[in-house]
Amino acid sequence: MSREAGEIEQKYKIPTVAIAGQNVVSFGLGTNFKYNTGMPIRFVAVPFPFSGQPQSVLASYVAGKDMVSGQPFMRAVVDALTRPRTVDDKLSGPAPGQAAPEPRLLAPDTPDNLQSLFMARDWTDYDPVTLPTEEKVAAMLKGTARRPDEIVKSAAGTFGSRRPFTVEKVATVAVMAGAKPEYLPVILALSTRVPYMDSTTSIAQMIVVNGPIRNKIGMNSGMGALGPDNEANSVIGRSMTLIHKIIQGYKEGVTGFASLSNPLRYDNLCFAENEESLPDGWLPLHVQVGHKPTDNVVTIFTGWNFINSTGWAAQHYAPQFLMRDYMSSLSGMGATIIMDPSVAELLKGAQGFDTKAALGDWLSRNVEKTAESYWGNSIVSSMLAPLARQGLKPYAEWLNVPAKSLIKPFATGNSINSVVAGGKTASVWFATDLRPDGGTSIDEWM
Amino acid sequence: MDRRKMLALLGISPALVAATPSFAGTAPAPAAAGCESNGLVTVLNPAIETKLAERVPLAPRLSTLEGKTIYLVDTDWGGMDQNGGILHEMQAWFAQKVPSVKTIYKIKSGNFVTDDPGLWKEIADNHGDAVIIGVAG
């Protein structure tokens, strides 16, 4: 919203007012203005909720008050377009003042006070952190050949490109999360994917590690892989949470506005693929996207849902059928099946799916849902309905069929991924709508 | 009195004061070795330094909306015509309260996350006087 309003104002000199919910307004007038746009865009705010509300409710909002100024809504709109610019509105070039400086070291204090400080600054997930002393950070930096002062990236997203962060900063966060030096290359690779996607919806991430480093650093891809029962899985997952908060600058209610958020965010579902237990012909995740088997790769998935098979695979109803049934409740914008090796063996041996891709193809041809249910998902309708109206197939066809018509929401097999992990004690699986990012090299950060 | 002792008497953590934006960077950061003997610890600051964005001025405002052309641009947030309701209510308000205003409703192409520079140019080429863009949440 700020981007569009800013472009119209700056390029065409046309006065513009942006109408938004309080989350967008708060971000637009706050951190986005200070650190990203530099333009004091004029906003008028509508109350929540407004999406999916009947017209009578929307009419009451327009007849009501602007949530920013408190004045009548339409008076605020007229005011935003006609009130002369202030001196501040006319500023160009370097911003007056400075952002708060951040010294490399904090002033010495007791461990308890430092823990309180880290809590107060929202540098934690509210579990105690390991305090990043110079000694601990120096030890952590032995986990990479990179220089401490090397810029990893300029953190884009929450604060634009004005927050370059170094290897030392990532090592500091890694210490706080409780990492061992040998985890650092994975954590550095994770940090290069900042910004992680945020939303007012309950979006979340998942971390999957492939390659020899999984075993070298003791990650769990076997029994209990998705649970809190392995140090490397837990700590690397926690590192991503801290990177999100400290390096990306995510702060609930300030830079992020996830209404319910998602419990997956506590540890970002971090595990390794059980490559050793893949059936013949089933390629590891990273190899599927072009990496060599000996490459070390971390893949970040993003999505919302995580549906458990609940029980083990039944003899009278093969796993792919239950997967198909459960997946009909997903949006269709992508999926990943996380399955125990025993499920993969059943699918390969008893059901004839010779590759992960074959399973993806079958599911894309067999998962169905009604058109009205498909378009009833607001993520789908936000992203794809506008494109459907502009003629993009197959979405344009799905927009024009009767509401109860069955469509196949996973348009292609390659939108459905499979990851194998688990200990073979039960033939269980999860159907998720988590979508992978293509993978990031860990080797570059060793 | 030593600043640290004074803060301690006041029940204030020296580190908390140091990290408060108005004070940050002003507190001395002695060598770690000297601090450990007091039971105090020196740690690295995990925070990333941020630079303020260069300021960009707003466009000049209109002296009045009477007789002007206002584009109401629907970002299509939510898709499926969910988003136009508020803009249509605003259009109706102008028709009733300021009838000399000409309002033109446009839906941005692409979806809510894509840019539509063609529409911005169209508005300028057609002498749009002002833009109301929304709604997002």
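Strand β9 (residues 335-339) of chain A runs parallel to β12(A), and five bridges join the two. Within this pair, Ile337(A) has Ser418(A) in β12(A) as its bridge partner. Strands are said to pair if DSSP finds at least two bridges between them; helices (H or I, at least four residues) and strands (E, at least two) are DSSP runs, numbered from the N terminus. The model is a predicted one, in which local features need pLDDT of at least 70, side-chain atom pairs count only at pLDDT 80 or more, and totals for chains, interfaces and linings use all residues. Residues are numbered from 1 along each chain as its sequence is written, with chains lettered from A and ligands numbered from 1 in the order in which they are written.

The β9-β12 pair belongs to an open sheet of four strands in chain A, with the order β8-β13-β9-β12 and mixed pairing. At the edges are β8 (306-308) and β12 (416-420) of chain A, each of which pairs on one side only. On average, neighbouring strands of this sheet are turned by 20° against each other, direction ignored. Helix α13 (residues 319-327) of chain A lies across β8, β9 and β13 (429-432) of chain A and runs at about 35° to β13(A). Such axes are lines fitted to C-alpha atoms, for helices over the stretch in contact, and angles run from 0 to 180 degrees between N-to-C directions. In the loop between β8 and α13 of chain A lies Thr310(A), which has a positive phi of about 75° although it is not a glycine. Thr310(A) is exposed, with 9 other C-beta atoms within 10 Å.

Six bridges join β1(B) to strand β2 (residues 102-107) of chain B in the parallel sense, with Leu72(B) opposite Tyr105(B). Five bridges join β1(B) to β3(B), also running parallel, and here Ile70(B) has Ala130(B) as its bridge partner. Strand β3 of chain B also holds Val135(B), and the peptide bond from Gly134(B) to Val135(B) is cis, with omega near 0°.

Where does β3(B) meet chain A? Strand β1 (residues 16-21) of chain A and strand β3 (residues 130-136) of chain B pair in the parallel sense over five bridges. Val17(A) stands opposite Ile132(B) there. In helix α2 (residues 22-29) of chain A, the buried residues are Val24(A), Val25(A), Ser26(A), Phe27(A) and Gly28(A). Their cover includes β3 of chain B together with α1, β1, α3 (31-37) and β2 (42-46) of chain A.

The contact between the chains takes 102 residues from chain A and 70 residues from chain B, two residues being in contact if their C-beta atoms, placed from the backbone, lie within 7 Å. Helix α1 (residues 2-12) of chain A gives the most to the chain A side, with nine residues.

A cis peptide bond is also found in chain A, from Lys393(A) to Pro394(A), with omega near 5°. Pro394(A) is in the loop between α17 (378-389) and α18 (395-399) of chain A.

Note on methods. A residue is buried if 20 or more other C-beta atoms lie within 10 Å of its own, exposed if 12 or fewer, and partly exposed in between; C-beta atoms are placed from the backbone.
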